[in-house]
Amino acid sequence: LDVDGAHILYEIRDMLDYYQFDAQLLASSLRTVRHFHEAIASGSDAATVPVSLFPEIVHHILTDRGMNLFDADWKKLGIDQFP
């Protein structure tokens, strides 16, 4: 069966918004980072994701770079504990 699940998510989101249904869109059976990104882009309200995918989902080179810069700037302040 050749079905584009992401396309279906977009269509369902459009219907929910157009008809103003009081419902949320759940993207399920996501197996790859690409599936996860498509679910977000389609406007899904929630998603089921295997635990094994979490490290890949939260890792991004720009996030890592930003966190390292923030950490370095914080250390320059010489504050040991946030109020």
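Contact, on this tour, means heavy atoms within 4.5 Å. This is a predicted model, in which local features need pLDDT of at least 70 and side-chain atom pairs count only at pLDDT 80 or more, while totals for chains, interfaces and linings use all residues. Residues are numbered from 1 along each chain as its sequence is written, and side-chain values use heavy atoms, with hydrogens and water left out.

**Colour by confidence.** pLDDT is the predictor's confidence in each residue, from 0 to 100. The protein chain has a mean of 93, and 99% of its residues reach 70 or more. Look for the highest confidence in strand 1 (residues 26–27), at 98. The lowest is in helix 3 (residues 54–58), at a mean of 89. Helices (H or I, at least four residues) and strands (E, at least two) are DSSP runs, numbered from the N terminus.

**Select Leu 53.** Leaving out residues up to four places away in sequence, Leu 53 touches Leu 30, Arg 31, Thr 32 and Val 33.

**Widen to the core.** Leu 53 belongs to the largest nonpolar core, 11 residues in all. Helix 2 gives the most, with three. Such a core is a set of buried Ala, Val, Leu, Ile, Met, Phe, Trp, Tyr and Cys residues joined through side-chain atoms within 4.5 Å. Buried means under 20% relative accessible area, exposed over 50%, and partly exposed in between (1.4 Å probe, protein chains only).

**Go to Ser 42.** Ser 42 sits in helix 2 (residues 33–42). Is Ser 42 buried or exposed? Ser 42 is buried, at a relative accessible area of 3%. Beyond its neighbours within four places in sequence, Ser 42 is in contact with Leu 9, Tyr 10 and Arg 13.

**Show the aromatic rings.** There are three aromatic pairs in the structure. Rings of Phe, Tyr and Trp (its six-membered ring) pair if their centres lie within 6.5 Å; planes under 30 degrees apart count as stacked, over 60 as edge-to-face and the rest as tilted. Ring pairs link Tyr 18, Tyr 19 and Phe 21 into a cluster. Tyr 19 is exposed at 52% relative accessibility, and Phe 21 is partly exposed at 48%.

**Finish in helix 4.** Why is the pair of Phe 70 and Trp 74 stacked? Their ring centres are 6.4 Å apart and their planes at 15°, so the pair is stacked. Phe 70 and Trp 74 lie four residues apart in helix 4 (residues 61–77), so about one helical turn separates them. Phe 70 is exposed, at 53%; Trp 74 is partly exposed, at 25%.
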